[in-house]
Amino acid sequence: MTIVETPREIMQEILVAWDKVAEKYVKENPFFAKVYASQKAWAERIVPYRVVAHPPYDLAADHYWGKANSYKVQKPK
């Protein structure tokens with residue numbers, strides 16, 4: 001089995017698409033709107049902290065295990 005890492009550009013497009021889907025559901029469903037607003041408020045508090053407080057995961061992984069790639073993940077080109 002080969003696992004291919006999703007390129008950042010595609011991940012960005014997924015986020016843009018999700019924003020459109022969420023906007024639709026916020027308009028249609030008051031409960032969804034309430035939960036979504038709550039999740040966004042929480043993320044607004046925690047995500048900036050995580051960006052600063054959590055070092056890049058690959059830094060530690062590369063330090064301890066080098067370029068070991070036991071899952072044979074292919075990086076995008």
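Select Lys24 and Tyr25 to start: Lys24 lies over the face of Tyr25, 4.8 Å from the ring centre. A charge counts as over a ring if NZ of Lys or CZ of Arg is within 6 Å of the ring centre and within 35 degrees of the ring normal. This is a predicted model, in which local features need pLDDT of at least 70 and side-chain atom pairs count only at pLDDT 80 or more, while totals for chains, interfaces and linings use all residues. Residues are numbered from 1 along each chain as its sequence is written, and side-chain values use heavy atoms, with hydrogens and water left out.

Keep Tyr25 selected. Tyr25 has 37% relative accessibility and so counts as partly exposed; the classes are buried under 20% relative accessible area, exposed over 50% and partly exposed in between, with a 1.4 Å probe and protein chains only.

Next, show the aromatic rings. A search of the whole structure finds 4 aromatic pairs. Rings of Phe, Tyr and Trp (its six-membered ring) pair if their centres lie within 6.5 Å; planes under 30 degrees apart count as stacked, over 60 as edge-to-face and the rest as tilted.

Phe32 is partly exposed, at 23% relative accessibility.

Tyr36 is buried, with a relative accessible area of 14%.

Now zoom out to the cartoon. The protein has 3 helices and 2 strands, in the order β-α-α-α-β from the N terminus. Helices (H or I, at least four residues) and strands (E, at least two) are DSSP runs, numbered from the N terminus.

The C-alpha trace spans about 50 × 30 × 20 Å along its principal axes. The radius of gyration is 18 Å, whereas a compact globule of 77 residues would be near 11 Å; the value is taken over C-alpha atoms, and the globule rule is 2.2 Å times the number of residues to the power 0.38.

Last, colour by burial. Buried residues make up 3% of the 77 residues.
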